[in-house]
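Hi,

Here is the structure I promised to pass on. Have a look at it first, and then read my notes below.

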Amino acid sequence: MDMIVRNARLRGAEGLWDIEVEAGKIAALAESQTDGRKRPKAEAANEIDAGGNLVSPPFVDPHVHLDAVFLDGRNTYNRSGTLLEGIKNWGTEKLTLTEEEIYQNALRAVRWYVANGTLKIRTHVDTTLESLINVRALTKLRDDVKDTVDIQIVAFPQDGIFTAEPFAELMERSLKMGCDVVGGIPHNELTREDGVKDVEYAFELAEKYGCLVDIHCDETGDAQSRFVETMARETIRRGMQGRVTASHTTAMHNYDNDYAFKLIGILARADMQMVTNPFDNSVLQNRNDGYPRRRGHTRADELLARGVNVCIGHDSIMDPWYPMGKASMLAAANLFMHYGHFSGHDQIPVLFDMITGNSARALRAQDSYGIGVGKPADFVVLDAKDEYDAIRLESECLFVVRGGRVVSRAEPAVRRVTLAGRESAVTFKSGVNGR
Ligand SMILES: [Zn+2]
């Protein structure tokens, strides 16, 4: 054996387990011998004692913009906190960025992701610059880190496809340069008709180049923004079920309930993958509401209840749209628990699915993902007993393992508190299953 992780708690399994790794894959799962039974123990060059902590498949971020990370404050801050000022600031910053600066910023963010246990990332890349240096920087980064992190790149027309002459062609050039996924932004086109064309063009390119689709769709409070239905129609018409992601769809929050009911049935038929982005959409949407102020979010609970796959994205790290973020999918899940009304005892494990397996499915990576014999030895040893503690504490990743190699390790803070004359250690941890 190359590696054994002992005393691991696994989701959905009783007791503790040893994970045996050979040649980069999980070779065996055996119950840990914590009860003194005498069975021959496998031995390995590299042994990790998980100490009863949760060992999870790595986190997956299905939605981020790696070409914009760390730009808030580069020249200007987003002082109003609005989407419009974010777009304006990005529009000026991107004109002075160099390929090297984009690359280094993105590399720094990927390093943060690895430290926080995320080993699969889907990033959008702005394709509206004639130089396409953003595409060059991120495709190079994807290739440079591929031994540790899987990155998918979405050709994303930030300023629209039909708002100016070269954008449609730049999208296609980006795909030829190696983008993996076709994007779109129908609600940013000048007219509703152009929005429909935006979606149709993305699907045409996806068919032509054999790509997946992931469109920024209906990211507005406008209840008349209904481009996700066009996405579903194109998906069904072209037989692309399961290969298409609708990101954001915040307008769905404001749809009439009867329309939303009909729509969700169609999304289920299209096997549409939905990504919700709690950090950005909790602060950017419905700014014109005054009070009461609606939540700017898609209908995650209703979608899941009717069998539509929903994932959580991180979207931003200190960029022109959002000033916070540390590449932590657990932090995103924690926020969405509040914002999406997911605090029920049985809903919290669903949040964990939304940053792991659900997102792996959206990336079409489900077959090589998970803790199981024969799967790649990719996993995270969390400083938490279960998903309740992991999300509550936004736990550290004690070990992050990729293909049987430790790619990150952490030593969580030690706190010693003296109270009533006695010193004791404080970890904030609870027992198993939220008790
Ligand atoms: Zn986005």
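Pro292 sits in the loop between α8 (278–284) and α9 (300–305); helices here are DSSP runs of H or I with at least four residues, strands are runs of E with at least two, and both are numbered from the N terminus. The peptide bond leading from Tyr291 into Pro292 is cis, with omega near -5°. Before you read too much into that, note that this is a predicted model: local features need pLDDT of at least 70, side-chain atom pairs count only at pLDDT 80 or more, and totals for chains, interfaces and linings use all residues. Residue numbers start from 1 along each chain as its sequence is written.

The loop between α8 and α9 also holds Asn286. Its phi is near 60°, a positive value in a residue other than glycine. Ala327, in the loop between β13 and α10 (329–339), has a positive phi near 60° as well. For context, most residues other than glycine have a negative phi, and most peptide bonds are trans. The cut-offs: buried is 20 or more other C-beta atoms within 10 Å of the residue's own, exposed is 12 or fewer, and partly exposed is in between, with C-beta atoms placed from the backbone.

Now the domains. The assignment gives domain 1 (3–57 + 370–418) and domain 2 (59–368); the bounds come from an automatic or database domain assignment. Their C-alpha centres lie 31 Å apart. The contact between them takes 18 residues from domain 1 and 19 residues from domain 2, where contact means C-beta atoms, placed from the backbone, within 7 Å. On the domain 1 side, α13 (387–393), β15 (397–402) and β16 (405–409) each supply at least two residues, and α13 has the largest share, with four residues. That side divides into nine nonpolar, four polar and five charged residues. In this count, Ala, Val, Leu, Ile, Met, Phe, Trp, Tyr, Cys and Pro are nonpolar, Asp, Glu, Lys and Arg are charged, and the others, Gly among them, are polar.

Next, the sheets. Eight strands make up an open sheet, ordered β6-β7-β8-β9-β10-β11-β12-β13, and the pairing is parallel. Two strands count as paired if DSSP finds at least two bridges between them. At the edges are β6 (59–64) and β13 (309–312), each pairing on one side only. Helix α3 (residues 133–144) packs on this sheet and touches β7 (118–126) and β8 (150–156); its direction makes about 165° with that of β7. That angle is taken between N-to-C directions, on a scale from 0 to 180 degrees, using lines fitted to C-alpha atoms, for helices over the stretch in contact.

Going along the strands:

- β6 and β7 run parallel and are joined by four bridges, with Phe59 opposite Thr118.
- β7 and β8 share seven bridges, and Ile121 has Ile151 as its bridge partner in β8.
- Nine of the nine residues of β7 are buried, so β7 is largely enclosed by the rest of the structure.
- β9 (residues 181–182) is joined to β10 (residues 212–217) by two bridges; Val182 pairs with Val213.
- β10 and β11 are parallel over five bridges, and Asp214 stands opposite Thr245 in β11.
- Five of the five residues of β11 (residues 244–248) are buried, so β11 is largely enclosed too.

There is also an open sheet of four strands, in the order β5-β14-β15-β16, with antiparallel pairing. β5 (55–56) and β16 stand at its edges with a single partner strand each, so one side of each has no neighbour in the sheet. β15 and β16 pair over four bridges, with Arg402 opposite Arg405.

Last, what holds the middle of the largest nonpolar core? Of its 117 residues, Val55, Ala106, Met231, Ala333 and Val381 touch the most other members. Such a core is a set of buried Ala, Val, Leu, Ile, Met, Phe, Trp, Tyr and Cys residues joined through C-beta atoms within 7 Å. Helix α2 (residues 99–115) gives the most to this core, with seven residues, and at least three residues come from each of domain 1 and domain 2. Leaving out residues up to four places away in sequence, Val381 touches Val5, Ile48, Ala50, Asn53, Val55, Cys397, Leu398 and Phe399.

Cheers

Note on methods
Two residues are in contact if their C-beta atoms, placed from the backbone, lie within 7 Å.
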